[in-house]
Amino acid sequence: MERVRVLVVDDSALVRKLMSTMLACDPAIEVVGTAADPLIAREKIKQLDPHVLTLDVEMPRMDGLTFLENLMRLRPMPVVMVSSLTVEGADVTLRALELGAVDFFAKPDSDLASRFGEGAQEICHKVKMAATTRPRARTAVRKLDVPPRLSADAVLPRAQTAGTRGGSPIIAVGASTGGTEAVRVLLEAMPPDAPPILVTQHIPAAFSGPFAARMDRCSAMRVCEARDGQPIQTGHVYIAPGSHHLLVMWDGARYVCRLHDGPPVNRHKPSVDVLFRSLAASAGAATVAVLLTGMGDDGARGLLELQQAGATTLVQDEESSVVWGMPGAAWKLGAASEMQPLDHIAARLLTLARQIHVSA
């Protein structure tokens, strides 16, 4: 089987060396070259024909975003952005995902060498995943330790009965790789008085706040990073913080957001399975849930639990997904009643939510 050929682009010689070393930990990956800036990278892409690019955001002669925009227009290929864990870095990285980058790797801002070692498994995973995607044009080897995989039981036991209170619909969205852009497309199409929307997007803690702020600027709804105990209201979108699981609970008079600092579920925190399970218990048939693009299967079993609780469930189709892992896993489980292209999902969610109002 052919190894994934990677070109590392970063202006820091130390980072280029560390990235190359980390990627070499995986026998399925071959680092075919490095480049100190985008102009050198442009020539090496022609010479070396890599499958995947890792690209720093801030570089001399041409910044990473400008290079990415040109690359996705002229020679689309899978790109994993490498950026700092700062508010500014988060905002630029989200812009890179809009321009066509597949994923991102958060570069620690201190103790680079030791912290990068901790990220070897993550960057190798992201690069191999990126190699399986289909970007679209726009106008010495060591074994890696794998952490244990926990189910939603580690955070919230499965309820024996499903709850449906008040009859008011709630929309739930789960997403991972490619999801920041998919969520934007969905939210841009929502009217200001849409039912409340809960979003669990796999994202680091430093990025979820800027992501919520960016979504607020492009949506007619009010978008925020969820807070513990926050009432869930019509016309509002609640984004799970990157540091906590997001749950929906009934407090006796209304639905509220609950944040849980439990262990990662399916190796993710926040986890889509946790959000979906909480809704199966608290809202049941009043829920309309969708699983968008993403690698792995987080959310698939949770979507099935929602369906079994009477909720309406759907998934994004393969053609419009960056990675059809999560929605594909749910579809194969029979957890979704329908499959829709991304551009149709917002309208479909609204139609299904209105049907809940009518039947309530």
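Student: What relative accessibility does aspartate 251 have, and what does it count as?

Tutor: Aspartate 251 has 41% relative accessibility and counts as partly exposed. (Buried means under 20% relative accessible area, exposed means over 50%, and partly exposed is in between, using a 1.4 Å probe and protein chains only.) Before we go on, remember that this is a predicted model: local features need pLDDT of at least 70 and side-chain atom pairs count only at pLDDT 80 or more, while totals for chains, interfaces and linings use all residues. Residues are numbered from 1 along each chain as its sequence is written, and side-chain values use heavy atoms, with hydrogens and water left out.

Now, who does aspartate 251 pair up with? Its partner in a salt bridge is arginine 254, with the closest N and O atoms 3.6 Å apart. (A salt bridge is a side-chain nitrogen of Lys or Arg within 4 Å of a carboxyl oxygen of Asp or Glu.) Arginine 254 is partly exposed too, at a relative accessible area of 43%.

Searching the whole structure turns up 16 salt bridges. One of them joins lysine 128 to aspartate 26, and there the closest N and O atoms are 2.6 Å apart. Lysine 128 sits in helix H6 (residues 120-130) and aspartate 26 in the loop between helix H1 (13-23) and strand S2 (29-35), so this pair ties together parts that are 102 residues apart in sequence. (Helices, H or I with at least four residues, and strands, E with at least two, are DSSP runs numbered from the N terminus.) Aspartate 26 is buried at 8% relative accessible area, whereas lysine 128 is partly exposed at 32%. Another salt bridge links aspartate 297 with arginine 301, where the closest N and O atoms are 3.4 Å apart; arginine 301 is partly exposed, with a relative accessible area of 35%. Then there's a network of salt bridges that links Arg95, Glu98 and Arg214.

H1 and H6 turn up again when you look at helix packing. Two packed helices are described by the angle between their axes and the distance between the axes. The axes of H1 and H6 come within 9 Å and cross at roughly 75°, which means H1 is roughly perpendicular to H6. (Axes are lines fitted to C-alpha atoms, for helices over the stretch in contact, and angles run from 0 to 180 degrees between N-to-C directions. Under 35 degrees is roughly parallel, over 145 roughly antiparallel, 65 to 115 roughly perpendicular, and the rest oblique.) Met19, Met22 and Leu23 of H1 make the contact with Ala120, Ile123, Cys124 and Val127 of H6, where contact means heavy atoms within 4.5 Å. Sort those residues and you get seven nonpolar, no polar and no charged. (Ala, Val, Leu, Ile, Met, Phe, Trp, Tyr, Cys and Pro count as nonpolar, Asp, Glu, Lys and Arg as charged, and the others, Gly among them, as polar.)

Compare that with another pair. Helix H7 (residues 179-188) packs on helix H8 (residues 205-218) at an angle of about 30°, with axes 9 Å apart, which makes H7 roughly parallel to H8. From H7 come Thr180, Val183, Arg184, Leu187 and Glu188, and from H8 come Phe211, Met215 and Cys218. In this contact there are five nonpolar residues, one polar and two charged.

Alanine 330 has a relative accessible area of 0%. Leaving aside neighbours within four places in sequence, its contacts are Leu291, Ala300, Leu303, Val315, Ala335 and Ala336. Leucine 291 is 39 residues away along the chain, yet its C-alpha atom is 7.9 Å from that of alanine 330.

Most residues other than glycine have a negative phi, and most peptide bonds are trans. Asparagine 266 isn't a glycine but has a positive phi of about 55°, and arginine 267, also not a glycine, has one of about 70°. Asparagine 266 is buried at 5% relative accessible area, while arginine 267 is partly exposed at 40%. The peptide bond from lysine 269 to proline 270 is cis, with omega near 10°. Proline 270 lies in the loop between strand S11 (255-260) and helix H9 (272-282), and that loop between S11 and H9 also holds asparagine 266 and arginine 267.
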